[in-house]
Amino acid sequence: MGELIERYRREVLPEYGPYEQQQRGAKLAWWAERLGSHLLSDLTPAVISEGKAALAKGQGLSGRPVSPGTQNRYLGALRHVLGRAHREWEWLGENPAQRVKSPREPRGRARFLSEEERDRLLEVCRTSYDARLYQQVVVALGTGARRGELLRLRWRDIDLSRGTAILHHTKNNERRTLVLAGRALAVLRELSAARRIGTDEVFAGLDGVARFPRDAWEKALRDANIVDFRFHDLRHTFASYLAMSGATLAELADALGHKTLAMVKRYAHLSEQHTSGVVRRMTERYLA
């Protein structure tokens, strides 16, 4: 099994972008440590299920019990390795991971800022001791970019005249164009006028490296009295505002960079509420 994972890491993993290589590689390293000495002939669904149970008990990379969703990410990485071994390399007669049941995942989280929360958070961030906080929060709110995507932004990929930014390395390994408008565009214009010498990173700090100001972020949440909120929820807020502005599920998926509509169905009720208002106004005017 260790030899199989090593071949996969050598031949297949480079096909993915840096983010996916890091994420998938870490999970495969965990499987290699747990199953590396197993003969492929001894790799049964029961053995893989024991690994899944170990993750649920807190024996994964973090040392804490992992969610059903994270367990499925681990299983997905292993299934892909065994799938290659079965279909292409003929090291296996079947893929035993296909017979392991995936844990049922809860409904996707969709926490987003109310207008009052948004105004409080932006005001606190504006006066933060770390100027990068306001900049990153505003661009995240205005584009729906993930934190890692923001930190990988380069000036060579930003066109301020057109109001666009190109993300070359995304979670699904596909390029995505961010639309820059309003506060997000204004913030980037201000940053562009005072770029740091010697680096192309948009959110570079004094040392020329882009980092997320975690301490300043956590302080801002406390000062703004915002609970149960993570930086990634700024992406949910962006999507929720789009839905409430009348965006279709297809438009949401395109703006967020999702390949299917499944991930954006959590916002459907927001879009439906505003669509129903449009229908009622039309009915009152033409069909009352």
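Asp-228 is exposed, with a relative accessible area of 54%. This model is predicted.

**Positive phi in loops**
- Asp-228 has phi near 50 degrees, a positive value in a residue other than glycine.
- The loop between α9 and α10 (233-244) holds Asp-228.
- Glu-90 has phi near 55 degrees, and this residue is likewise not glycine.
- Glu-90 sits in the loop between α4 (68-87) and α5.
- Glu-90 counts as exposed because its relative accessible area is 67%, and the cut-off is over 50%.

**Nonpolar cores**
- The largest nonpolar core has 41 residues. Leu-121, Val-137, Leu-188, Phe-203, Trp-217 and Leu-234 touch the most other members.
- At least two residues of this core come from each of α5 (115-126), α6 (131-143), α7 (147-151), β2, α8 (182-193) and α9 (214-223).
- α6 supplies the largest share, seven residues.
- Val-137 touches Leu-122, Cys-125, Trp-217, Phe-231 and Leu-234, leaving aside residues up to four places away in sequence.
- A second, separate core has 29 residues, including Leu-28, Val-66, Tyr-74 and Leu-75.

- Two bridges join β1 and β2 (residues 164-167) in the antiparallel sense.
- Asp-159 has Thr-164 of β2 as its bridge partner.

Methods:
Residues numbered from 1 in each chain as written. Predicted model: local features only at pLDDT ≥ 70, side-chain atom pairs only at ≥ 80, totals over all residues. Heavy atoms only, no water. Pairing = 2+ DSSP bridges. Helix = DSSP H or I, 4+ residues; strand = E, 2+ residues; numbered from the N terminus. Core = buried A, V, L, I, M, F, W, Y, C linked by side-chain atoms within 4.5 Å. Buried < 20%, exposed > 50% of the residue type's maximum accessible area, 1.4 Å probe, protein only. Contact = heavy atoms within 4.5 Å.
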